[in-house]
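Here is a short briefing to read with the model open beside you.

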Amino acid sequence: MKLDPPPVALLASGQFPERDPSTLPLLDSPADGIPPVISTRAALDNAVASLREGHGPVAVDAERASGFRYGQRAFLVQLRRAGAGTFLIDPEAFDDLLDVNEALADAEWILHAAHQDLPCLRELELQPNKLFDTELAARLAGLPRVGLAYVTETMLGVRLAKEHSAADWSVRPLPQDWLNYATLDVEVLIELRDQLEMLLRGQKKWEMALEEFEYERLKPGPQPKKDPWRRTHGLHQLKDKHQILAVKELWEEREKVAQNKDRAPGRLLPDSAIIAAARNLPATVPALLRTEGFRGRLASKEARRWVTAIARARNATRFPPRTARRSTMPPPRSWNDRFPDAAERYQTARWRLERDADALGMPLENLLAPATLKEISWQPPEELTLDSVSERLRELHAREWQIRRTAAVITVAFLEPEPLADAS
């Protein structure tokens with residue numbers, strides 16, 4: 001398909017022309033057709049050999065079954081490399097994909113929103129030695145939206161069919177139209193990467209992007225949440241200590257069952273059912289089954305388990321705190337009245353950094369992570385100098401390009417903070 005991207009010079013100036021997607025050509029079928037899904041060792045060995053003999057970067061994507069299966073593992077891995085072609089691999093058929101990783105050791109990997117896919121790829125022993133993240137590149141370049149469809153329309157002048165991103169990718173066999181969608185997801189990434197590199201170079205942001213890609217590549221995966229049961233939607237409605245403990249007991253029991261059955265917890269028992277049961281504390285199976293959310297087959301099948309969990313909460317003598325213990329740093333919304341010095345530092349620095357981010361043509365959160373700005377505003381160095389602020393930012397995992405861009409602004413803002421009424 002002949003592509004019609006806008007001139008890079010126009011994009012580099014920060015002008016991103018709005019296009020009516022319906023007027024753009026639709027990329028609805030892969031150039032080389034839909035490859036077969038690889039699920040045997042022989043087919044995987046052939047793919048590994050082809051990928052090793054290919055050249056240039058490799059486009060990578062993964063499809064999960066979020067909301068259907070337990071956890072965030074990949075149920076399909078897509079790869080495309082010049083000189084090799086496109087490959088669709090069923091990771092459920094293999095213990096790991098280490099051979100694929102070794103074949104691509106010298107290649108740059110192109111992913112869109114790498115923070116979403118890298119954790120599930122690592123579970124398969126897939127880890128790039130060099131990364132290009134097209135979503136992150138689009139953010140740094142200042143594109144107003146960074147979804148793959150929009151970035152493809154803006155940078156390549158083509159409309160990408162997006163239909164099955166929220167599907168249950170654990171089903172087998174996978175429908176052909178789903179495989180068509182999965183193949184298209186890596187069809188455009190290599191050319192998209194090249195266009196974004198030209199754009200970033202034109203904006204003098206290429207070195208920034210390289211630091212960001214490397215940070216994203218090496219960043220640890222998400223850490224387990226403390227007291228994850230407290231994230232149950234509707235918990236704030238409950239005040240009684242037995243009710244709050246019942247939420248904890250039901251949540252943890254649901255987690256065990258969901259993991260054992262390989263089901264998404266919310267499909268097994270919705271949060272609303274946990275809250276309803278915790279509010280009423282039913283003592284018998286019939287009473288539980290009259291509770292909203294427990295009438296479905298999956299919920300009612302484990303009814304005795306749920307009743308037992310509720311009984312533990314009803315009969316308990318020790319209880320968790322009603323609310324989670326806060327970190328040492330309170331939320332900034334409370335600083336104005338209680339910690340005005342921190343509030344003035346934070347608001348002055350944020351206001352000035354927002355101006356700089358606008359001038360750079362990128363969101364403030366890419367110039368400096370909001371959590372980093374809050375932390376240094378709450379606990380700045382004892383002696384405010386450019387060197388001490390730079391070191392503190394480094395401790396908070398800011399990248400060197402960010403430190404060069406923000407340390408002086410933050411130092412001056414902290415030395416001469418503006419009154420709250422004026423800094424807003």
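Strand β3 (residues 55-64) is mostly covered, with 7 of its 10 residues buried; buried means under 20% relative accessible area, exposed over 50%, and partly exposed in between (1.4 Å probe, protein chains only). Strands here are DSSP runs of type E with at least two residues, helices are runs of H or I with at least four, and both are numbered from the N terminus. This is a predicted model, in which local features need pLDDT of at least 70 and side-chain atom pairs count only at pLDDT 80 or more, while totals for chains, interfaces and linings use all residues. Residues are numbered from 1 along each chain as its sequence is written, and side-chain values use heavy atoms, with hydrogens and water left out.

**The sheet around β3**

- Strand β3 pairs with β4 (residues 74-82) through 8 bridges, and the two run antiparallel; two strands pair if DSSP finds at least two bridges between them.
- Within that pairing, Arg-64 has Ala-74 of β4 as its bridge partner.
- Strand β3 is also joined to β6, by 2 bridges, and here the strands run parallel.
- Look for Val-58, which stands opposite Trp-109 in β6.
- Strand β6 (residues 109-111) is in turn joined to β7 by 3 bridges, in a parallel arrangement.
- Leu-111 has Asp-133 in β7 as its bridge partner.
- Taken together, 6 strands form an open sheet with mixed pairing, in the order β2-β5-β4-β3-β6-β7.
- The edges belong to β2 (37-38) and β7 (131-133); each has a single partner strand, so one side of each is left without a neighbour in the sheet.
- Helix α5 (residues 134-141) lies across β6 and β7 and runs at about 60° to β7; axes are lines fitted to C-alpha atoms, for helices over the stretch in contact, and angles run from 0 to 180 degrees between N-to-C directions.

**Backbone details to check**

- Most residues other than glycine have a negative phi, and most peptide bonds are trans.
- Ala-113 has a positive phi, near 65°, and is not a glycine.
- You will find Ala-113 in the loop between β6 and α4 (114-122), and its 4% relative accessibility is why it counts as buried.
- Glu-125 also has a positive phi, of about 65°, although it is not a glycine.
- Glu-125 sits in the loop between α4 and β7, and it is partly exposed because its relative accessible area is 42%.
- Arg-172 and Pro-173 are joined by a cis peptide bond, with omega at about -5°.
- Pro-173 belongs to the loop between β8 (159-160) and α7.

- Thr-183 is part of helix α7 (residues 176-187).
- With 0% relative accessibility, Thr-183 counts as buried.
- Leaving aside residues up to four places away in sequence, Thr-183 touches Pro-30, Gly-33, Ile-34, Pro-35, Thr-86 and Leu-88; a contact means heavy atoms within 4.5 Å.

**Aromatic groups**

- The structure holds 7 aromatic pairs; rings of Phe, Tyr and Trp (its six-membered ring) pair if their centres lie within 6.5 Å, with planes under 30 degrees apart counted as stacked, over 60 as edge-to-face and the rest as tilted.
- The rings of Trp-169 and Trp-178 have centres 5.5 Å apart and planes at 55°, so this pair is tilted.
- Trp-169 counts as buried at 0% relative accessibility, and Trp-178 counts as buried at 15%.
- One aromatic cluster is made up of Trp-335, Phe-339, Tyr-346 and Trp-378.

**The annotated span**

- The unreviewed UniProt entry places the feature "domain: HRDC" at residues 240-320; UniProt positions are given in the numbering used here, feature names are shortened, and annotations may be inferred rather than shown by experiment.
- Residues 240-320 are 70% helix and 0% strand, and the end C-alpha atoms of the span lie 11 Å apart.

**The protein as a whole**

- The protein has 22 helices and 8 strands.
- Its C-alpha trace spans about 70 × 65 × 40 Å along the principal axes.
- Of its 424 residues, 49% count as buried.
- Among contacts between residues at least 6 apart in sequence, 68% join residues at least 24 apart.
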